[in-house]
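Please keep the sequence and the 3D view at hand while reading.

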Amino acid sequence: SGAGVSEVTVRVPMNIALVKYWGKRDEQLILPLNDSISLTVDKLTAETTVRMIQGVGENTVEINGRRVELSSNKRYQTVFDEALRLQRKRKEDSNQNETECISHHFEVISKTNFPVAAGLASSAAGFAAIGRAIQKILNLNDTQANRLARIGSGSACRSMFGGLVHWKKGEKEDGSDCVAVRADSENWKDLYCIILVFDDERKKVGSSEGMRRTRETSTLLKHRIESVVPERIEQVKKAYESRNFQDLARVIMADSNQFHAVCLDSVPPIRYLNESSWRLIEVVEKFNQQEVKAAYTFDAGPNACVIVQKDDVPAFIKAALQDISIPSEDLKSVEEDLNVSFEGP
Ligand code: PMV
């Protein structure tokens, strides 16, 4: 980096929630109503370069070669502002008496190797990468980097680590105990994630709008948050640690279903799954008849993520492509990926 320019490039993977985050208690700080837990999907990444440039200038963000309109994507500005606040704070803490206030601006260039905004948590990988890059530029600690990613996109804070990651909602109003932590002692290397893209259009109801609607109108959400999620988080950890695929798979599917149920329970109802999603659910049900060997999970869109063990990947793909009639024009792509060898930066 040249005079007055700090530049860092990082590659950060996306994550898929096994117990879903849905609902904010604070929209500014992005503090969730419930804990969530995810797997980091190794091969689906956002490679991101962040330049912090001295002097007044316009912040710019480019994703996959396209300029992002920052006036309609306020989250980026929030992250940049927070980064500058942290930088100022560090200078104050180290007693550097600054006589002049040096201004900075940011340039972000990000490339994902998977479709953006297809309900594939691409924003998670992107904001996690920005958080990591700014962490390196400003020499921040993990909690500060976590916060940067989170205020960009909540689920992004779970992409800061590999393996199984637990995002704790915390209790405090300032969000200081709202952090993602690694939740496994060792990667389950045998787990694969098969992504079936049925629709690569931008989602109809974005997650922020959807969460707000659910929080304001769903009665089922309260039950989910209070009586269901805490137990499921523990079940996931236990099943993962003991390598009990069947138990893990059952919780994953149940939680995906409940997440979509609270969406339907909102007013007006939100429907993310389409006909192909439902056919895929039937495929998995059939595949699991003798023994539970696959688990589906869907985020805020129709695309499926199917978690299987390595040995079952070929059989599952065959079942998905042959046994059922997902309309072929509906199936945009199938990707299989090892999800757990990422060890973090
Ligand atoms: O981080 P956001 O605002 O894109 O919300 C993500 C919400 C879900 O993907 C549906 C669930 C989750 O926990 O990732």
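Domain 1 (5-182) and domain 2 (191-338) both give residues to the shell around the ligand, so the ligand lies between them. The domain bounds come from an automatic or database domain assignment. The model is predicted: local features need pLDDT of at least 70, side-chain atom pairs count only at pLDDT 80 or more, and totals for chains, interfaces and linings use all residues. Residues are numbered from 1 along each chain as its sequence is written.

The shell around the ligand holds 14 residues, and the closest are Ala17, Tyr21, Ser155, Ser207 and Asp299. A residue is near a molecule or strand if its C-beta atom, placed from the backbone, lies within 6 Å of it. By type, the shell consists of six nonpolar, six polar and two charged residues. Here Ala, Val, Leu, Ile, Met, Phe, Trp, Tyr, Cys and Pro count as nonpolar, Asp, Glu, Lys and Arg as charged, and the others, Gly among them, as polar.

The protein is divided into domain 1 (5-182) and domain 2 (191-338). Their contact takes 25 residues from domain 1 and 31 residues from domain 2; two residues are in contact if their C-beta atoms, placed from the backbone, lie within 7 Å. On the side of domain 1 that touches domain 2, strand S1 (5-19), strand S4 (36-54) and strand S8 (164-167) each supply at least two residues. S4 gives the most to this side, with six residues. The residues of this side of domain 1 divide into 16 nonpolar, four polar and five charged.

Turn now to the protein as a whole. Its secondary structure comes to eight helices and 13 strands. Helices (H or I, at least four residues) and strands (E, at least two) are DSSP runs, numbered from the N terminus. Of the 345 residues in the protein, 46% are buried. A residue is buried if 20 or more other C-beta atoms lie within 10 Å of its own, exposed if 12 or fewer, and partly exposed in between, with C-beta atoms placed from the backbone. Among contacts between residues at least 6 apart in sequence, 74% join residues at least 24 apart.

In soluble globular proteins, nonpolar side chains tend to be buried together. A nonpolar core is a set of buried Ala, Val, Leu, Ile, Met, Phe, Trp, Tyr and Cys residues joined through C-beta atoms within 7 Å. The largest nonpolar core has 94 residues, of which Ala128, Cys193, Leu196, Val236 and Val306 touch the most other members. Helix H6 (residues 245-264) gives the largest share of this core, nine residues. The core draws at least three residues from each of domain 1 (5-182) and domain 2 (191-338). Leaving out residues up to four places away in sequence, valine 306 touches Ile194, Leu196, Val284, Ala294, Ala295, Tyr296 and Phe316.

What is the setting of S12? Five of the six residues of S12 are buried, so this strand is largely enclosed by the rest of the structure. Strand S10 (residues 191-197) and S12 pair in the antiparallel sense over six bridges, where two strands pair if DSSP finds at least two bridges between them. Leucine 196 has alanine 304 in S12 as its bridge partner. S11 also pairs with S12 in the antiparallel sense, over five bridges, and threonine 297 stands opposite cysteine 305 in S12. S11 and S12 form a hairpin with five residues between them. Alanine 300 lies in the loop between strand S11 (294-298) and strand S12 (304-309). Alanine 300 counts as buried because it has 25 C-beta neighbours inside 10 Å.

Strand S5 (residues 60-63) has two pairings. With strand S7 (residues 104-112), S5 pairs in the parallel sense over four bridges, and glutamate 62 has isoleucine 109 in S7 as its bridge partner. S5 and strand S6 (residues 66-67) run antiparallel, joined by two bridges, and glutamate 62 stands opposite arginine 67 in S6. S5 and S6 form a hairpin with two residues between them, and asparagine 64 in the turn has a positive phi of about 50°.

The last stop is glutamate 186, in the loop between strand S9 (180-182) and S10. Glutamate 186 is exposed, with 11 other C-beta atoms within 10 Å. Its C-alpha atom is separated by 33 Å from that of tryptophan 278, 92 residues apart along the chain.
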